[in-house]
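Have the model open and follow along.

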Amino acid sequence: MSNAFRSELLKQRSTRTVLGLFAAMVGLVALAVVLHGVGLPVDALDDRSRQLIVLGLGGFLGSLFAALLGALSITSEIRHGTIRPTFLVTPQRGRVVAAKAVVCVLIGAAFGLVAAVIAIGTGTATLDGRGVEVLVDIDDAALLVAGGTIASALWAAIGVGVAAIVRRQVPTLVGLCAWLLFVEGLLADATGGLGEVGRYLPGAAAAAIGGQEPDRLLAPALGLAVLGLYTAGSSLLGAFTMSRRDVE
């Protein structure tokens, strides 16, 4: 496992994928927070729950980019054929998937931490610039940072698991983006938010870890447990699927 871990860490450090995703994430987080802070009416922003949602965009986008990072760690190798020598060096394919998941969890946590800090700093400055009183206190900000970091780390592992199951790069990336950006929101809006079920969807669980919308979402600890189950399930199923299917 240590050799597979070191190999995967070297791959992530020696490619431009991580830096490209990181740069895109930083720019998009700052842009999204500023647009929300400037575009929403002042009376709508003068609410603690709404401010938490705006500042929580960092954790949301951090999770999205962490999931894409995890997916690319497998699909890029499959697409370019480098997965074959990887499996020749480490025939236990489950170990390869596990190593990728661990490395992506570490990098994903860094993504989430940076994204959350940027969102809070940018959002606070934007609200101050519009003369809106910032109602989010230090405890709220700390929970947003911790929640964004943890959620992004877990979503990175989910990305690895989903990629190991689907294996095709474009469907995997499009599917992850569509789920987090559109599908889950549509499901949550349908039939009155799906009742209690909507709170247990993976995106909602990730938002709950950061303490967002406490009246609608799960408690942070329960959100962490639910997202952890999604992570474990996708990772185990991905490792099993990768072990059973031939490399094309």
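Lys11 and Glu77 form a salt bridge, with their closest N and O atoms 2.9 Å apart. The term salt bridge is used here for a side-chain nitrogen of Lys or Arg within 4 Å of a carboxyl oxygen of Asp or Glu. Lys11 lies in helix 1 and Glu77 in helix 5 (residues 57–80), so this pair ties together parts that are 66 residues apart in sequence. Helices are DSSP runs of H or I with at least four residues, numbered from the N terminus.

How covered are the two partners? Glu77 counts as buried at 7% relative accessibility, while Lys11 counts as partly exposed at 25%. Buried means under 20% relative accessible area, exposed means over 50%, and partly exposed is in between (1.4 Å probe, protein chains only).

This is a predicted model, in which local features need pLDDT of at least 70 and side-chain atom pairs count only at pLDDT 80 or more, while totals for chains, interfaces and linings use all residues. Residues are numbered from 1 along each chain as its sequence is written, and side-chain values use heavy atoms, with hydrogens and water left out.

How many salt bridges does the structure hold? There are five. In one of them, the side chains of Glu8 and Lys100 meet at 2.8 Å, N to O. Glu8 sits in helix 1 (residues 2–14) and Lys100 in helix 7, so the pair links parts 92 residues apart in sequence. Glu8 is buried, with a relative accessible area of 4%, and Lys100 is buried too, at 1%.

Another salt bridge joins Glu213 and Arg216, whose closest N and O atoms are 2.9 Å apart. Glu213 is partly exposed at 25% relative accessible area, and Arg216 is partly exposed at 42%. Salt bridges with shared partners also join Glu8, Lys11, Glu77 and Lys100 into one network.

## A covered helix

Now look at helix 10, which spans residues 202–209. Is this helix mostly covered or mostly open? It is mostly covered, with seven of its eight residues buried. Among the buried ones are Pro202, Gly203 and Ile209. Just after helix 10, Gly211 takes a positive phi of about 80 degrees.

## A loop residue

Finally, find Glu133 in the loop between helix 7 (93–129) and helix 8 (138–166). Glu133 is exposed, with a relative accessible area of 55%.

Notes:
Helix = DSSP H or I, 4+ residues; strand = E, 2+ residues; numbered from the N terminus.
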